[in-house]
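This report goes through one protein structure, part by part. Please look at the sequence and the 3D view before reading on.

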Amino acid sequence: LMGGDPSLADDLVAAAESNGVMPIASIGGADSAVAFRQATASGVIDAFVANLVALLDDVGYGGIDIDWEPMETADEPVVVDLANRIRAARAAATLTIPVGYLNVNLSKDLSGYAALAAAYDQMNLMSYAMAGAWSGWRSWHSSPLYHQSGATPTSISSTVDLYEAAGVPLAKLGVGIGFYGLCYSPPVTGPDQPLDGATILAGDSVMSYANIMEHYHDASARHWDSLARVPYLSFSSAHPPDGCGYISYDDEQSIQDKAAYVKSRGLGGVIVWEINEGYIGSAPAADRSPLLIAIRDHVLN
């Protein structure tokens, strides 16, 4: 982990346990599907499972998160089998898996998701960066709670509805909250506008919440989309340092609305990508993680 320093894992596990939190090891990530297919091939999968179980036994994790990306339909039986093998070795292990958001204009075969839900304790939506400068789209939000039209076709609520219809229990479904946003270039200055050549200039890592607060946020530039239930920043010209005309992101207000939605639908909770991006090191100690505080106050309480 983090450059191969095993003491970091030990420290994280100890910190989690001392605060009554279960530490879970997430395996995989973006573009990990090829490696997962190699690791779960016949003759190899037993060793892979043994290594995962060793994380539980030797390091002290309470569970495993299988972040298989992208997970194709043909992969789903193997992903279920992997969970069953880990469960057979350690019945008490908590098993989670992230899944993608859905576009209401595009069909996706979800027939295998009920089986995935049965094998895993929680399926968590990666419901951030849910827009792009794509053909046929208008500008949209990074993590909209509700969707507006066929040209702005993504939202958390429509995604949840589609997973529920596929047989995924709502109590096993988590909502993703991004600690980063999307930056559109001019001429776009807000959501639901024609792109007219605009592109996405920055997203994950660069457009972190901390950077938004440091370089872009201003009360006069902030607006609230009462339909999508998220904030955004609007600028009349390219705003440095990244040249943004429109920035979509999550803040304390949108997290409060997402928390109310999670509770009203009986969902399993939330996930975050990623905690570091919400940390404002220059702020007073009590104010350095405002988004995490909002999650604590509105999701957990």
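## Overall form

The structure is a predicted model. The protein holds nine helices and eleven strands. Its radius of gyration is 20 Å, close to the 19 Å that the globule rule gives for 301 residues, so the protein is as compact as a globular protein of that length. Along the principal axes, the C-alpha atoms fill a box of roughly 60 × 45 × 35 Å.

Of the 301 residues, 47% are buried. Among contacts between residues at least 6 apart in sequence, 71% join residues at least 24 apart.

Strands of a sheet pair through backbone hydrogen bonds, either parallel or antiparallel.

Strand 9 (residues 230–239) pairs with strand 10 (residues 244–248) over four bridges, in the antiparallel sense. S234 has Y246 in strand 10 as its bridge partner.

## The disulfide

A disulfide is a covalent bond between the sulfur atoms of two cysteines. The count for this model is one disulfide. C183 and C244 are the two cysteines joined, with 2.1 Å from S to S. The angle about the S-S bond is -115 degrees, and the link is left-handed. Because C183 lies in strand 6 (residues 182–184) and C244 in strand 10, the pair ties together parts that are 61 residues apart in sequence. Both C183 and C244 are buried.

## Helices around the sheet

## Helix 9 and its buried side

Which residues of helix 9 (residues 290–300) are buried? They include P290, L291, A294, I295 and V299. These residues cover an arc of only 140 degrees around the axis, which puts them on the same side of helix 9. An α-helix has 3.6 residues a turn, so residues three or four places apart point the same way.

The buried residues of helix 9 are covered by parts that include strand 5 (173–178), helix 7, helix 8 and strand 11 (269–273).

Conventions: Residues are numbered from 1 along each chain as its sequence is written. This is a predicted model: local features need pLDDT of at least 70, side-chain atom pairs count only at pLDDT 80 or more; totals for chains, interfaces and linings use all residues. Side-chain values use heavy atoms; hydrogens and water are left out. Two strands pair if DSSP finds at least two bridges between them. Helices (H or I, at least four residues) and strands (E, at least two) are DSSP runs, numbered from the N terminus. A disulfide is a pair of cysteine sulfur atoms within 2.5 Å. Buried means under 20% relative accessible area, exposed over 50%, partly exposed in between (1.4 Å probe, protein chains only). The arc is that of the directions from the helix axis to the C-beta atoms. Contact means heavy atoms within 4.5 Å. The radius of gyration is taken over C-alpha atoms; the globule rule is 2.2 Å times the number of residues to the power 0.38.
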